[in-house]
Amino acid sequence: MNLPFAESYKIKVVENLRKSTRREREQWIKEARYNLFNLKSEQVFIDLLTDSGTGAMSDQQWSAMMMGDESYAGASSYYKLKNAISDLLGFPYFLPTHQGRAAENVLFSVLVGDGDMVPGNSHFDTTKGHIEFRKARAVDCTISEAFDTQVDHPFKGNIDIEKLEEVFREHPASRIPFVVVTLTCNSSGGQPVSMRNLKDVHALARKYGVRVLFDSARFAENAYFIKMREEGYGDKTIREIVAEMFQYADMMTMSSKKDAIVNIGGFIGLKEEELFNKASTYNIMFEGFITYGGMSGRDMNALAQGLYEGTTFDYLDTRIRQVAYLGSRLEEFGIPVQKPFGGHAIFVDANKFLPNLPREQFRAQTLAVELYLEAGVRAVEIGTLLADRDPETRENRYPELELLRLTIPRRVYTNNHMELVAAALKNVYNRRDSITRGLKIVNEAPIMRHFTVELEKVESV
Ligand code: F0G
């Protein structure tokens with residue numbers, strides 16, 4: 001008999017969860033203005049809002065925290081992290097920041113200006129926010145296969161080289177501060193980018209004299225997919241693949257809250273000394289002195305250890321198989337999900353799930369509310385609310401994909417939790433024809449509105 005797959009860790013500390021009744025949840029979601037970000041965590045049974053900062057640290061990370069050096073300047077924790085980044089990722093210069101968007105803020109303060117164009121693969125919302133805030137434009141050059149959830153393609157995060165070259169041809173290099181490659185591509189469904197594509201993007205960018213930035217939050221999951229799906233990489237270790245990937249980047253921004261399995265933290269990796277010097281000034285202004293940049297010594301220690309743990313095959317195999325486990329269950333129930341399954345989440349196609357609900361009534365958000373009411377499961381909308389309004393016309397932007405993201409925290413839930421999530425969504429799917437009233441906006445912020453938006457149910461006609 002073949003041995004079944006089992007997790008590559010065991011559990012030492014647990015956190016109790018509280019179940020609620022549907023009646024309680026109806027009250028809570030109304031009080032939260034139908035925005036799941038406004039729920040208290042105790043009102044949630046299984047929290048799939050994000051995989052960001054929600055992972056479980058290992059005993060080795062916790063023990064590394066005890067060894068944190070809290071010196072303001074030159075702490076050993078800083079050097080530990082610096083060595084890990086140079087050892088694993090190959091960046092000689094780095095700046096710590098308090099999280100990923102802070103890394104964007106610091107680096108973009110140096111590089112992005114009014115009227116610039118920043119091509120990339122479905123920029124994450126904070127990345128796009130930091131670009132548009134500086135009156136520059138994010139140009140999406142993702143391959144078209146990414147926008148059909150049912151098309152099977154091993155690397156749906158890839159950049160369309162022709163689309164990218166068009167941007168390069170139409171604008172002078174001085175107006176393109178960099179091309180950003182998001183690994184894995186969160187906004188298009190946690191989809192990986194192939195090594196071939198990284199190579200091609202780098203070569204093209206070199207030809208036009210443009211820098212390459214990797215938005216690296218889930219770089220290790222990306223490396224896992226390269227190992228499993230790309231020819232020539234099956235026998236390489238995750239760390240060998242990671243090292244090769246970063247050869248094709250000039251700079252990286254990192255949200256350490258994902259693949260480095262810590263609760264807070266980020267950094268910038270750089271290869272040019274001059275850029276490092278310029279970015280250091282902004283780091284000191286916005287984050288803190290360059291040897292801590294908004295992080296405590298203990299957090300830098302946990303991060304250094306997390307980078308090593310996050311780049312082991314056994315850990316990644318456990319992680320990504322769990323995500324696929326949930327995806328397979330949903331597929332068995334006939335629920336439309338993004339294929340192939342992503343690295344950190346399963347993305348439910350809300351356009352296919354609720355095709356009769358007018359898209360103006362926010363299909364994916366409506367689905368998120370229904371799933372919460374069903375079982376206290378909190379997922380997140382990756383659709384029209386997240387896409388914000390067009391900065392010029394102020395009209396709603398309707399992205400090609402309207403998704404509900406079921407994001408799996410690292411090393412936190414068991415497959416029984418995944419079973420419950422799948423069953424809850426199946427129940428909603430079975431009654432989907434009765435979901436005829438969506439949501440409308442009562443209040444919204446001008447940018448990144450999904451965090452704070454207030455909604456109400458559309459009245460029945
Ligand atoms: N880039 C990507 C690809 C991300 O997914 C995120 C965050 C960031 C940058 C920003 O990093 O949160 O540390 O400031 N994504 C989280 C998510 C919030 O839920 O997907 P941060």
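Axes here are lines fitted to C-alpha atoms, for helices over the stretch in contact, and the angles between their N-to-C directions run from 0 to 180 degrees. Helices (H or I, at least four residues) and strands (E, at least two) are DSSP runs, numbered from the N terminus. The structure is a predicted model, in which local features need pLDDT of at least 70 and side-chain atom pairs count only at pLDDT 80 or more, while totals for chains, interfaces and linings use all residues. Residues are numbered from 1 along each chain as its sequence is written, and side-chain values use heavy atoms, with hydrogens and water left out.

**Helix 8 and helix 12**

Two packed helices are described by the angle between their axes and the distance between the axes. The axes of helix 8 (residues 219-229) and helix 12 (residues 313-332) come within 10 Å of one another and cross at roughly 90°. Helix 8 is therefore roughly perpendicular to helix 12, a term that covers angles of 65 to 115 degrees, whereas those under 35 count as roughly parallel, those over 145 as roughly antiparallel and the rest as oblique. On the side of helix 8, Ala220, Glu221, Tyr224, Phe225, Lys227 and Met228 meet Phe313, Leu316, Asp317, Arg319 and Ile320 of helix 12, where contact means heavy atoms within 4.5 Å. The residues of this contact divide into seven nonpolar, no polar and four charged; Ala, Val, Leu, Ile, Met, Phe, Trp, Tyr, Cys and Pro count as nonpolar, Asp, Glu, Lys and Arg as charged, and the others, Gly among them, as polar.

**Nonpolar cores**

A nonpolar core is a set of buried Ala, Val, Leu, Ile, Met, Phe, Trp, Tyr and Cys residues joined through side-chain atoms within 4.5 Å. Buried means under 20% relative accessible area, exposed means over 50%, and partly exposed lies in between (1.4 Å probe, protein chains only). The largest nonpolar core has 58 residues, of which Leu89 and Leu307 touch the most other members. Leu89 touches Ala84, Phe219, Val242, Phe246, Met252 and Phe267, not counting residues up to four places away in sequence. A second, separate core of 49 residues includes Trp28, Ile29, Val348 and Ala375.

**Individual residues**

Glu31 lies in helix 1 (residues 22-31) and counts as exposed because its relative accessibility is 52%. The side chains of Glu31 and Gln27 are joined by a polar contact of 2.7 Å, that is, a pair of N or O atoms within 3.5 Å, of which, within protein, one must be able to donate a hydrogen and the other to accept it, with residues adjacent in sequence counting only if both atoms are side-chain atoms. His130, in helix 5 (residues 125-133), is buried at 14% relative accessibility, and touches Arg101, Glu104, Asn105 and Phe108, not counting residues up to four places away in sequence.

**Backbone features in loops**

| Cis peptide bond | Omega |
|---|---|
| Leu183 to Thr184 | near -20° |
| Lys339 to Pro340 | about -15° |

Thr184 is found in the loop between strand 5 (178-182) and helix 7 (195-208), and Pro340 in the loop between helix 12 and strand 9 (345-349). Arg33, a residue other than glycine, has a positive phi near 55°; Arg33 lies in the loop between helix 1 and strand 1 (46-47) and is partly exposed at 44% relative accessibility. Phe362, also not a glycine, has a positive phi of about 60° and sits in the loop between helix 13 (350-353) and helix 14 (363-375), where Phe362 is buried, with a relative accessible area of 2%.
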